[in-house]
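This report describes one protein model for a reader who is new to structural terms. Please examine the sequence and the structure shown here before reading on.

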Amino acid sequence: EFDEQTRLIRAERGRLQAALGRLPGVTVFPSDANFLLLRTPPGRATAWFEGLRERGVLVKNLHGAHALLNDCLRPTVGTAEENAALTTALSELSMR
C-alpha cells in the first residue's frame, strides 16, 4: 500500500512541478518531498495565498518566515483533482 501511495505522490509531484513552472514569473524548486516550494513574482505571495484560500485551496504562506523565503508558497502534493484545483486557481491569480 505504501509503495503505491509513494508512487502516486512522485508522479503527481512531477506533474504539479511542471504545471506550476509554466506559470509566468514562478520558480519551482526541486523537491523529493510531498510538497513543493515555489517563488511567486515579487510581492505576490500573500495575495496569491489569500486568493487560493478564497477558492478553498490551502497552501502554506512562507513569505516573511525568513528572508530567503520571501515571495514563497509551499503547496502539498495532493490528488490529481486537488493539484488541478491548485494549478487552475494559480493560473487565474497569475493573470491579475
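## A buried residue in a loop

Asp71 counts as buried, because its relative accessibility is 14%; buried means under 20% relative accessible area, exposed over 50%, and partly exposed in between, computed with a 1.4 Å probe on protein chains only. Asp71 lies in the loop between β3 (60-61) and β4 (72-74). Helices (H or I, at least four residues) and strands (E, at least two) are DSSP runs, numbered from the N terminus. The phi of Asp71 is near 70°, a positive value in a residue other than glycine. Most residues other than glycine have a negative phi.

## Basis of the model

This is a predicted model, in which local features need pLDDT of at least 70 and side-chain atom pairs count only at pLDDT 80 or more, while totals for chains, interfaces and linings use all residues. Residues are numbered from 1 along each chain as its sequence is written, and side-chain values use heavy atoms, with hydrogens and water left out.

## The sheet

Four strands form an open sheet: its 4 strands follow the order β1-β2-β4-β3, with antiparallel pairing. Two strands pair if DSSP finds at least two bridges between them. β1 (27-29) and β3 stand at the edges with a single partner strand each, so one side of each has no neighbour in the sheet.

β3 and β4 run antiparallel and are joined by 2 bridges. Within this pair, Lys60 stands opposite Arg74 in β4. Helix α2 packs on the sheet, where it touches β3 and β4, and its direction makes about 30° with that of β4. Such axes are lines fitted to C-alpha atoms, for helices over the stretch in contact, and angles run from 0 to 180 degrees between N-to-C directions.

## Helix α3

Helix α3 (residues 80-94) has 15 residues and reaches 21 Å from its first C-alpha to its last, close to the 21 Å expected at 1.5 Å a residue. The expected span is 1.5 Å times one less than the number of residues. Its buried residues are Asn83, Leu86, Thr87, Ala89, Leu90, Leu93 and Ser94. Seen down the axis of α3, these residues fall within an arc of 165°, so they line one face of the helix; the arc is that of the directions from the helix axis to the C-beta atoms. Their cover includes α1 (2-21), β2 (37-39) and α2 (45-54).

Asn83, in helix α3, is buried, with a relative accessible area of 2%. Leaving aside neighbours within four places in sequence, Asn83 is in contact (heavy atoms within 4.5 Å) with Glu12, Arg15, Leu16, Thr76, Val77 and Gly78. Gly78 belongs to the loop between β4 and α3.

## The nonpolar core

A nonpolar core is a set of buried Ala, Val, Leu, Ile, Met, Phe, Trp, Tyr and Cys residues joined through side-chain atoms within 4.5 Å. The largest has 19 residues, and those with the most contacts inside it are Leu20, Leu38, Leu52, Leu73, Leu86 and Leu90. The elements giving two or more residues to this core are α1, α2 and α3. Not counting residues up to four places away in sequence, Leu20 touches several residues, including Leu38, Leu86 and Leu90.
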